[in-house]
Amino acid sequence: MASLTEVPAFAVKRVPEVHFGPGRARAIAEDAAALGHPRKPIVLVADRALVELGVAGRVMAALEAAGAEVALFADIAGEPRQQQVEAATDFVRFNAAGLVICLGGGSAMDIGKVAATIACTGDGPADFAMDGRPLPRRSAPKICVPTTAGTGSEFSSTNVFTNQAGKKVWVWGAQTKPERVILDPELTTTLPPDLTAWTGLDAFVHALEASTNVRQHPWTNLYAHRALGLIADALETAVREPLNLGARGHMLLGAAHAGIAIDNCGAALAHNISHALAALGPVHHGLATALALEVVLPWQVAADRGPFAAAAEACGLAHDAAALPGWYSDLLTRCGVERRLPAVFKEIPASALVAEMRAPETQSMRQSTVRAVSDADIDRFAAAMLALA
Ligand SMILES: [Fe+2]
């Protein structure tokens, strides 16, 4: 008889209702009617870029054509900051929204989810961050409509923003999850090649870290390994052929599966580094995370006891952890990723990055890493990252 390894205890979190399909977002008024309040307005929280592209306008028009009253909050660009979350919360509160629709990438979704959740209180996002005040049990319902295939925020109970002190912090809680997720590949076709690569690699790292860190378990690995396969197959095509709906659909599903995985099992060292970098200067989260993984992956797979070999196999490689780093570097090259951090990081001393990688806010990701991360390891990785500036 085969030896059966004992499965450790685990729990699986709620996955929101999902509706997938090219063009599915055109039926958003039906979703709003199903979940919203008949006499209260809808607040649409959207990235400013989607207003400029006309995407937010089309969503508003579809809702208004069905008789809904819609108020738009679109003061969102770049990574979320505390003032943006506060402004969005005030906006949802002022409009007494009966439904919040979050349209965009991780920034719009994280901001919209938090705003919808806490608008019924008299408090701001900083009051709830890092397990501060408990979140209210009931809030306006939320629908997430991602327009990038990356963060998986639409499945996540973690919502990140940069606070007044410049630190990345998060509001965490199942109450922030949406009631429904609309996955429409057509909405992702306007994403330019660099953002397609960076956001797609962020999703890849979510799946890899969720399936290899100390909290990984067999149930969530179903999602994580599926995500690795979908992204491995589709990312390069999505970058090179923006209008390829097959590739865009695979990426959207890959990011969704990765989002479910990271919501259950969390991240690891590459995210420790990208969060630490974000505390020191502006850098796209996906780019920072993708570059950080390339730096730490050879060190991680060297001590593999199985999870990285399984991840390699999920990517279409042999069941061999040692095959992953070279393949991953090649993937970055095929997707046109320049190994370069923004110039602002040239001025930042390694000691500053080391301090952020050791800061309380980033320790959960250090500690969940499958190999123990020593202070000497942090010194070495911080120097390697800043050499990319
Ligand atoms: Fe990420």
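Figure 1. Phe204 is buried, at a relative accessible area of 1%, where buried means under 20% relative accessible area, exposed over 50% and partly exposed in between, taken with a 1.4 Å probe on protein chains only. The model shown here is predicted, so to speak of local features pLDDT of at least 70 is needed, side-chain atom pairs count only at pLDDT 80 or more, and totals for chains, interfaces and linings use all residues. Residues are numbered from 1 along each chain as its sequence is written, and side-chain values use heavy atoms, with hydrogens and water left out. Tyr328 is likewise buried, at 1% relative accessibility. Rings of Phe, Tyr and Trp (its six-membered ring) are paired here if their centres lie within 6.5 Å; planes under 30 degrees apart are called stacked, over 60 edge-to-face, and the rest tilted. Phe204 and Tyr328 make a stacked pair, with 5.7 Å from centre to centre and 25° between the planes. Phe204 belongs to helix H7 and Tyr328 to helix H13 (residues 324–334), so this pair ties together parts that are 124 residues apart in sequence. Helices (H or I, at least four residues) and strands (E, at least two) are DSSP runs, numbered from the N terminus. Ring pairs also bring in Trp327, giving a cluster of Phe204, Trp327 and Tyr328.

**Figure 2. The iron site.** Which residues hold the iron ion? Asp202 (OD), His206 (NE2), His271 (NE2) and His285 (NE2) coordinate the iron ion at 2.2 Å. Donors are N, O and S atoms within 2.8 Å of the metal (3.2 Å for Na, K and Ca), and water is not among the atoms, so sites may look incomplete. The angles among the 4 donor atoms run from 85 to 165°, and the site is irregular. For four donors, tetrahedral needs all angles between 85 and 135 degrees; four count as square planar and six as octahedral if opposite donors are over 155 degrees apart and all others between 65 and 115, and anything else is irregular. Along the chain, the donor residues follow the spacing D-x3-H-x64-H-x13-H. Asp202 and His206 are separated by about one helical turn because they sit 4 residues apart in helix H7 (residues 193–212). Asp202 is buried, with a relative accessible area of 2%, and His206 is buried at 4%.

Figure 3. The ring-pair rule gives a count of 5 aromatic pairs. One of them is Phe73 with Phe91, a tilted pair at 5.6 Å centre to centre and 55° between the planes. This pair links distant parts of the chain, with Phe73 in strand E3 (residues 70–73) and Phe91 in helix H4 (residues 82–94), 18 residues apart.

**Figure 4. Nonpolar cores.** A nonpolar core is a set of buried Ala, Val, Leu, Ile, Met, Phe, Trp, Tyr and Cys residues joined through side-chain atoms within 4.5 Å. Among the 72 residues of the largest core, Leu324 and Tyr328 touch the most other members. Helix H11 (residues 285–301) gives the largest share of this core, 10 residues. Contact means heavy atoms within 4.5 Å. Not counting residues up to four places away in sequence, Leu324 touches residues including Leu208, Leu297, Val301 and Phe308. A second, separate core has 26 residues, among them Val43, Val92, Ala129 and Phe161.

**Figure 5. Val100 in its strand.** Val100 lies in strand E4 (residues 99–104) and is buried, with a relative accessible area of 0%. Val100 and Val43 are 57 residues apart in sequence, and their C-alpha atoms are 4.9 Å apart in space. Leaving out residues up to four places away in sequence, Val100 touches Val43, Val45, Val92, Gly112, Ala116, Pro141, Lys142 and Ile143.

**Figure 6. Two buried loop residues.** Val283 is found in the loop between helix H10 (269–278) and H11 and is buried, at 8% relative accessible area. Its contacts, leaving aside neighbours within four places in sequence, include Glu79, Leu341, Pro342 and Phe345. Thr148 is in the loop between strand E5 (142–146) and strand E6 (158–162) and is buried, at 12%. Beyond four places in sequence, Thr148 touches Gly104, Gly105, Thr188, Leu191, Thr199 and Leu252.
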